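Work through the exercises below with the model open. Each task is followed by a stepwise solution.

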Amino acid sequence: MSRIGKLPISIPAGVTVTQNAGVVSVKGPKGELSQKVDPSIIVNITDGHIVFEIDENNPVNYKQKQAFHGLYRALVNNMVVGVSEGYKKVLELVGVGYRVSNQGNLIEFSLGYTHPIFIQLPAEVKVETKSERNQNPIIILESCDKALLGLICAKIRSFRMPEPYKGKGILFQGEVIRRKSGKSASAK
């Protein structure tokens, strides 16, 4: 049995959880999310808690059931936290001349290429950009969907991945890049 799957999820105040035909829906102050759950997992919603159990009568092999047990518990927990508190990621642009601006959910990047890069974010994601003098530009992304937020951060980072020689690129705030010395430091 999965150690994570055994843990119950407590439902905070203001959040409603419903289950209908194998789909768990979570609604809260920050938004509404839903997740399809495999038939080999039984979802019980009782007195402020969600409990996940393995269906012993399902023909799926036991190892797969165990994997699903922990997976769906984690996905539903992320949904509950997302609709109640929300998720926030802060990206920092490190490099000379790197700039970012936004109009609504359209972000424009200037990252040292010959052309600006535009990305249109979905409506579920709120974006804010900050550019202050003598500081690196910052992008603040907020959403109730953790998976969508991670996907967007990965896409934005792919425009300029952090590189180990000069430490330039788009990185998460507080992230430390392991620096390489380069060829000038090699022994002769």
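**Exercise 1.** Find the bridge partner of Val-26 in β4.

Solution. Step 1: locate the strands, which are DSSP runs of E with at least two residues, numbered from the N terminus. Strand β3 covers residues 23-28. Step 2: check the pairing, which requires at least two DSSP bridges between two strands. β3 and β4 pair in the antiparallel sense, over six bridges. Step 3: read off the partner. Val-26 is bridged to Leu-33 in β4.

The model is predicted: local features need pLDDT of at least 70, side-chain atom pairs count only at pLDDT 80 or more, and totals for chains, interfaces and linings use all residues. Residues are numbered from 1 along each chain as its sequence is written, and side-chain values use heavy atoms, with hydrogens and water left out.

**Exercise 2.** State the strand order of the open sheet and name its edge strands.

Solution. Step 1: three strands line up as β2-β3-β4, with antiparallel pairing. Step 2: β2 (16-20) and β4 (31-36) each pair on one side only, which makes them the edges. Step 3: from one strand to the next, the twist averages 15°. Angles run from 0 to 180 degrees between N-to-C directions; axes are lines fitted to C-alpha atoms, for helices over the stretch in contact.

**Exercise 3.** Which strands does α2 lie across, and at what angle does α2 run to β4?

Solution. Step 1: α2 spans residues 62-84. A helix here is a DSSP run of H or I with at least four residues. Step 2: α2 lies across β3 and β4; contact means heavy atoms within 4.5 Å. Step 3: the angle to β4 is about 170°.

**Exercise 4.** Classify the ring pair Phe-68 and Tyr-72.

Solution. Step 1: apply the cut-offs. Rings of Phe, Tyr and Trp (its six-membered ring) pair with centres within 6.5 Å; planes under 30 degrees apart are stacked, over 60 edge-to-face, the rest tilted. Step 2: the structure holds two aromatic pairs. In the pair Phe-68 and Tyr-72, the centres are 5.6 Å apart and the planes meet at 45°, so the pair is tilted. Phe-68 and Tyr-72 are both buried (under 20% relative accessible area, 1.4 Å probe, protein chains only; exposed is over 50%, partly exposed in between).
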